[in-house]
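Trainee: I am new to this structure. Please show me how to read it, one feature at a time.

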Amino acid sequence: MAIHMYEASIPQFVKMLTNLSNILQKGEAFAKDKNIDGAVLVNSRLAPDMFPLSKQVQIACDQVKNGMARLAGIEPPTFDDHESTFEQLQERIAKTIAFAKTINPTQLVDSHTKEIKFSIKEWSFEFVGDQYLLAWIIPNFYFHITTAYNILRHNGVEVGKSDYLGG
C-alpha cells in the first residue's frame, strides 16, 4: 500500500515550521533581554565546520519548498539566501508555510512512484517519490530544524522539548 504522501508531509512540515518560528521568537527575545546583538545568535553554529543558525533555517525551508514542489510537479519559489536577522528568517519561514499550504492532496496522489533526479554540487541523486520523501526530505528537514533548536539552546535560549514539538 502506498503511503499518503500529503498526509505524511505537508501538515507536519507546517507544524514544525510554526514551531521553529516560535523557537526563533524566543531566541530574538533572549537576545533583546540579554542586550545581545541578534546577529550573534543568527550567525552562531555548534561547531566550526557546521552551518550557522541562518543556514539551518534556510535549508529546512528549502527541503519543504523544493522537495514538495518536485513531488507535486511544480516550480518552487526562489528565495535568496541572504537572511541575516531574526525578522528575515521569520519571513522565510512564513513564505515557506504559505507555499506549502498551496499544495493540495491531489497534486501528490501519484507522487509516490514519481522519479526524482537532482544534483547538489558534484553529487547526483535518484529516488522514487516515496523514498525521496521518507529517506531524503523528512530526515534532512528534521536534522536542520533540530540543529537550529540546538544552536539556540546551546547559546542559553530557554527552549525545551515542548517548544520543539509544539502544542
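Trainee: What covers the buried residues of α4?

Mentor: First, the ground rules. This is a predicted model, where local features need pLDDT of at least 70, side-chain atom pairs count only at pLDDT 80 or more, and totals for chains, interfaces and linings use all residues. Residues are numbered from 1 along each chain as its sequence is written, and side-chain values use heavy atoms, with hydrogens and water left out.

Mentor: Helices (H or I, at least four residues) and strands (E, at least two) are DSSP runs, numbered from the N terminus. Buried means under 20% relative accessible area, exposed over 50%, and partly exposed in between, with a 1.4 Å probe and protein chains only. Contact means heavy atoms within 4.5 Å. Now your answer: the cover over the buried residues of α4 includes α1 (10-33), α2 (38-42), α3 (53-72) and α5 (129-154).

Trainee: Which residues of α4 are buried?

Mentor: Start with the general idea. An α-helix has 3.6 residues a turn, so residues three or four places apart point the same way. In α4, the buried residues are F86, L89, Q90, R92, I93, T96, I97, F99 and A100.

Trainee: How many Å should α4 span?

Mentor: The expected span is 1.5 Å times one less than the number of residues. Helix α4 (residues 86-102) has 17 residues, so it should span 24 Å; its end C-alpha atoms are 25 Å apart, which agrees.

Trainee: How many residues of α3 are buried?

Mentor: Helix α3 is mostly covered, with 17 of its 20 residues buried. Take D62, which lies in α3. D62 counts as buried because its relative accessibility is 16%. Leaving aside neighbours within four places in sequence, D62 is in contact with G67, D81 and R92.

Trainee: Which residues does S21 contact?

Mentor: S21 sits in helix α1. Setting aside neighbours within four places in sequence, S21 is in contact with Q90 and I93. At a relative accessible area of 14%, S21 is buried.

Trainee: Is H154 buried or exposed?

Mentor: H154 is exposed, at 58% relative accessible area. H154 belongs to helix α5. The C-alpha atoms of H154 and L46 are separated by 7.6 Å, though the two are 108 residues apart along the chain.

Trainee: How do strands β1 and β2 pair?

Mentor: Two strands pair if DSSP finds at least two bridges between them. Here β1 (residues 115-120) and β2 (residues 123-128) pair in the antiparallel sense over 6 bridges. I116 has F127 of β2 as its bridge partner.

Trainee: What is the phi of K121?

Mentor: Most residues other than glycine have a negative phi, and most peptide bonds are trans. K121 is not a glycine, yet has a positive phi of about 55 degrees. K121 lies in the loop between β1 and β2, and counts as exposed at 73% relative accessibility. N35, also not a glycine, has a positive phi of about 55 degrees. N35 is in the loop between α1 and α2.
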